[in-house]
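Me: I want to learn to read salt bridges and cores. Can we work through one model together?
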Amino acid sequence: MTQNRRIVLAERPRYITPTANCFQLQSGALPQPGEGQLLVRTTWLSLDPYLHGRLKRTTAQAEPVKVGDVMVGATIGRIEQSRHPDYKAGDLVRGFWGWQDYAAVEPKRVHKLDPCLQQPSLALGTLGLPGFGAWLALRVLSPVKAGETVVIGTATGALGQTAGQIAKLMGCRVVGIAGGPEKCRLATERLGYDACVDHRQRDFADHLRAACPKGIDVYVETIGGKATSAVLRLCNLQARVTVAGLMSMITRQGSAEDALLADDFLNEVVNRRLSIRGLVTFDHIETHFGLFQDEMLAWIGDGRVKPVEHVVDGLEHAPSALQGLFEGRNLGKLIVKVAD
């Protein structure tokens, strides 16, 4: 008899970085879809930085995961059984049913994917919310112009790699920030960045200045901390900043240094007349997601955007893979292959 494996939150993270031992793999009976529901077999699972807030109860955007509940996460799956007239067995859908092999879901909670999509996992990355965030940052919130210098934090992550390629095809000089030489090589050799600077280097600020000889016009913020301070000191007058995340907050506890960084930040905002926009993708889905999908599909189709994925095989490896995400071990958009 087929069992349903599921990974639940066993305890709140004890440390700054959530570790694999916070989770527990369980097996149980296959869920049975009710009237109007769908039974979905998970094929792909997305691992993303925002899950930190869902684990540690630090997000205001959604309820935290309760201890004992299935771990949340964006998913793709194939319908095994449909009790709804608009869906049939074999349809691929994207949803948010979390870390489990099977789920009984309401149709209103899923989105049917195009059966012609050759690489369905892209719907969790470049064609999903991370890619949408990158598109919003550079097409809507801080629109870029040819010839400008654009700096991208976490240059090879799910959002960053897409933002860098968008800025490049818009005719900008694109400089990435990444953790380690391997990620910097990925940025310049595969993603088309003009330069990439390792924020772990002691002389990071000097290298960043050398990579941005004309200053910085647009910054897609995903890091925070000292990297952001170095970026702001190079911003031109009336530069634009879109804040999509602060990865450094996940791996750093509050300190007196944080207050100093906040003061520096506000001082640069005033002196350089910066425009700052906060990015939450869900705010723009109804108004912009369709246009984003049309443009991104065209860019991927003609090779101007080349997604890079880091694939982990097996649901049981999701906890250690999530820990690796917060430790910076992934190269590209991190996803878990659960089934064919």
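Me: Is D206 buried, partly exposed or exposed?

Reply: This is a predicted model, where local features need pLDDT of at least 70, side-chain atom pairs count only at pLDDT 80 or more, and totals for chains, interfaces and linings use all residues. Residues are numbered from 1 along each chain as its sequence is written, and side-chain values use heavy atoms, with hydrogens and water left out. Buried means under 20% relative accessible area, exposed over 50%, partly exposed in between (1.4 Å probe, protein chains only). D206 has 48%, so D206 is partly exposed.

Me: Which residue forms a salt bridge with D206?

Reply: Side chains of opposite charge can pair when their charged atoms come close. The cut-off is a side-chain nitrogen of Lys or Arg within 4 Å of a carboxyl oxygen of Asp or Glu. Here R209 is the partner, with the closest N and O atoms 3.2 Å apart.

Me: Which parts of the chain does the R5 and D101 pair link?

Reply: Distant ones: R5 is in strand β1, D101 in the loop between β5 and β6, 96 residues apart. Their closest N and O atoms are 2.8 Å apart. D101 is buried at 4%, while R5 is partly exposed at 24%.

Me: How many residues does the largest nonpolar core have?

Reply: In soluble globular proteins, nonpolar side chains tend to be buried together. A core joins buried Ala, Val, Leu, Ile, Met, Phe, Trp, Tyr and Cys through side-chain atoms within 4.5 Å. The largest has 44 residues. Helix α2 gives the most, with 7 residues.

Definitions and conventions
Helix = DSSP H or I, 4+ residues; strand = E, 2+ residues; numbered from the N terminus.
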